[in-house]
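Biologist: Can we go through the salt bridges in this one? Put the structure up and we'll start.

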Amino acid sequence: MTDTATRPPRAPEGERMAATLAAQAYQKATQARFRAEVIEGGGDYVIADAVAPHEIFHTMDVPVISLPWYSAVISAKQLSPYYFGLMDELGYHDGLPRYTSLPFMTTLANEPERAPYGGLPKPTMILERLRGDYGQKIGEQWARAFGGVPLVTIDNSSVTELTPGWFRHAQSDWEALYEPHRLDFQVKQIENVIAVAETLTHRSLDPGAFRQVMHRVNEAGELVDRAKRIIAAARPAPVSLPEQLTNVMAATWNRGSQWAVDHLRTYCEELEARVASGVAACPDERVRLLWVNNGLWFNTGFYRAFEEKYGATFVWSMYSNFLSDGYRKYFTDDPLRALAARHISMNEQLHLPGWMAEWIIEQARDYGCTGAVMLVPIGDRMSAFGTKLCAMALEQGGIPTLTLTASMVDARLWDNAAMIRKVEEFLEQRVLK
Amino acid sequence: MTGADALARIRAVYADRLGEARRRRAAGATLVGYFLNAVPVELILAAGLDPIRLVGDPARRSPLTERYLEEYFDGEVQSLFGAAMEGDFADMSLLVIPRTAETYLQLYYFLKEIPKWELQASVPPLHLFDLLQTPHWTVAQYDLGRMRALAARLEEIGGARIDEAALRTAIATCNRLRSLLGQASTLWQGDAPSLSGVDALAVIAAASVLHPDEAVPALEALVADPPPVRRDDRPRVLLKGSPQSDPRVTALIEEAGARVVAHDHVAGDTTYDTLVSEGGDPWEALVHHYQLGIPGLRAYPQRAQDQRFLALVERSRAEVVIFFHDQYDDTLGWEYPDQKKLLDARGIPSLFLKQQPYLDPPVAEQHAAVAGFLATLQKVPA
Ligand code: SF4
Ligand code: SF4
């Protein structure tokens, strides 16, 4: 252990950054507004995939419920076992990707007293982006279960060439990266979504307002990049990973709003002040680690479980600066094409062999990480594909990598003690030598 | 050619596609290999090239599969990856992979990436055919572009320029094959069958393995001069679900005491029941067919797929349905509860074999499950 007298102060447990508290308060206020305007007021709202052009609805001031968000709320309220039981009863076998279908089950169950927020009311539309093979299957049945709401789909074209270094081209030089024929198609599909949304909500998408939203997403991305540079350069890191995620995710879900821009600016300023005064997540930081692949949303404490004993701290996850590297799309005159470029290869950048690894290796260098822990979820093979090659590429790039395979569906199956032991052994044998 | 000769030839190429490929390559053909049922062979033929559909082989293993692929890949895709690593597809001048199933799309990316890791791997040149099947105008426009891109690639590897006349001829040829399969299907769907379910799979497959110059006369011979009929009172089964590109499951069901009269999957009877329109613009006709007219994992709305399934149940007069899903199926299982209800409403018993491994399947267990199910049928008084 270091000398207590010279050691910088540890941000006391429970004492969050002001920005973190503000982000949480904003999320609460958003939920209150949803309850008042939609659940009680019967207003329009849209259920949409996480990776979909929410910007359209943000501009039109139509609330969006993102699928994984509602799934997470269900899990956090310990309701997933109940809904999985219902799936068994209805004949949906247990090898199906169940996590993201939890919201659909709350509709089938039709028990407002049990479901979070009394269950989702009938939406104006369900927007599915047809990655994988089954989104359309769930979407159709769900739309029917709501008594017939429009299922609007964005089909998923696939990139034919994985140009190396996507993150160097993705912001300004994206036309060739994502391939013009795909962008043409994506623009048409988004135009269809706009037309349907306008028809159903009796509102119109204001081109000027949309352009501003698109500029503000880029501005938010720049601020996330600034936060990245602060965290990457500071030893020890001024913020824990759970707090990074709270701040960045709040801005991501509310991207395009002035709030997101303002929030990220104060977040950066607070980070700088913390660095200046030497406040650290783990003052005795000796090892910086990457958290690769899906987040451990039900147990963010895990990220900090290795600080006390090893001075080992997670400083990066795939969400830390994806808002900067993946979302930013600069444009001169066509914001819609920039929006098309934003989501067209988002999952591929995070999951395809080649693209996934090269970005993560670059992040390890930027942040000074010397080890990686990668989560491979059971029961969601889309997020598992490519993890072997990614781990091999990281090892080849000089970054020892530990793979943890675990069910993301049922938090009760997470053996915390065993997982901690695995990471400890990994640290002792591979990282701290 | 007699019907018996034709059947012998069909069985032989079904058992050894790669041998057939080697033979044609040695005879000077430029081979274009492809996976699944969604690649427009019409384009390949119109370019004067030689198409051959490739499938997995559960017995073909490569240590490299386990090294690079997650276990969650469809077993057949694991097998195809291993085969590619072992050089089995080296005779192909081009390998076309359609985007009609996620794990095949992933296979494309893995095969693109692998030369960085396995320097000696001889993966043939690859082409992703990014066919989308969402039933929308915008998607049709996109698919047309993808058809043109595939055509350009075929021309690039030495195919002839695809003109409209050649395309029309190729469409007519492939329709002829589809119609012949329709005629031949009475041989396995009829009351007094002359072919087993295992042979049915071979006949259907032969149309996509043999070059049409050979497939057409072989099927004509089979239809004109079929093997002798035999009385068969075993229960009539429709096998539905994951692709059965090899005969193991069909054989197992038939050994357990039933007759597989129809297959509803991408290697089965729904692959030839729709023809490509021969009037109008041939490119548009092809797009329409492959976007909307063929069965596929990603195709929807579900209602249209289910109607097709029920039509096959009726046409084949199936008495029972066996659903058979791959071990890591994440898609067909969403459709199963509704399909079961449709069958229940018609009084058609069904068995659901879910999460079945392609590699090292539990054969004894599967046999027992099927036999047990068939036994319950006999208890029902007629
Ligand atoms: S290692 Fe533990 S005791 Fe040491 S500074 Fe970090 S948190 Fe405090
Ligand atoms: S981490 Fe991957 S699987 Fe999860 S939401 Fe993002 S892209 Fe989708």
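Biologist: Glu20(B), buried or exposed?
Modeller: Buried: this is a predicted model, and in it Glu20(B) has a relative accessible area of 3%.

Biologist: Which side chain does Glu20(B) meet in a salt bridge?
Modeller: Arg23(B), at 3.0 Å from N to O. Arg23(B) counts as partly exposed, with 42% relative accessibility.

Biologist: Where do Glu20(B) and Arg23(B) lie?
Modeller: Both are in helix 2 (residues 17-26) of chain B. They are 3 residues apart, about one turn of the helix.

Biologist: And which residues are linked with them in a network of salt bridges?
Modeller: The network also takes in Arg9(B), Arg24(B), Asp50(B) and Glu214(B).

Biologist: New topic. What does Asp273(B) form a salt bridge with?
Modeller: With Arg315(B); the closest N and O atoms are 4.0 Å apart. Asp273(B) sits in the loop between strand 6 (259-264) and helix 13 (282-293) of chain B, and Arg315(B) in helix 14 (residues 302-316) of chain B, so the pair ties together parts 42 residues apart in sequence.

Biologist: How accessible are those two?
Modeller: Asp273(B) is partly exposed at 30% relative accessibility, and Arg315(B) is partly exposed at 40%.

Biologist: What about Asp338(B), which side chain does that one meet?
Modeller: Arg144(A), in a salt bridge of 3.5 Å, N to O. The pair crosses between chains, from helix 15 (residues 332-345) of chain B to helix 6 (residues 135-145) of chain A. Asp338(B) is buried at 17% relative accessible area, while Arg144(A) is partly exposed at 46%.

Biologist: How many salt bridges over all chains?
Modeller: A search of the whole structure finds 54.

Key: Residues numbered from 1 in each chain as written. Chains lettered and ligands numbered in written order. Predicted model: local features only at pLDDT ≥ 70, side-chain atom pairs only at ≥ 80, totals over all residues. Heavy atoms only, no water. Helix = DSSP H or I, 4+ residues; strand = E, 2+ residues; numbered from the N terminus. Buried < 20%, exposed > 50% of the residue type's maximum accessible area, 1.4 Å probe, protein only.
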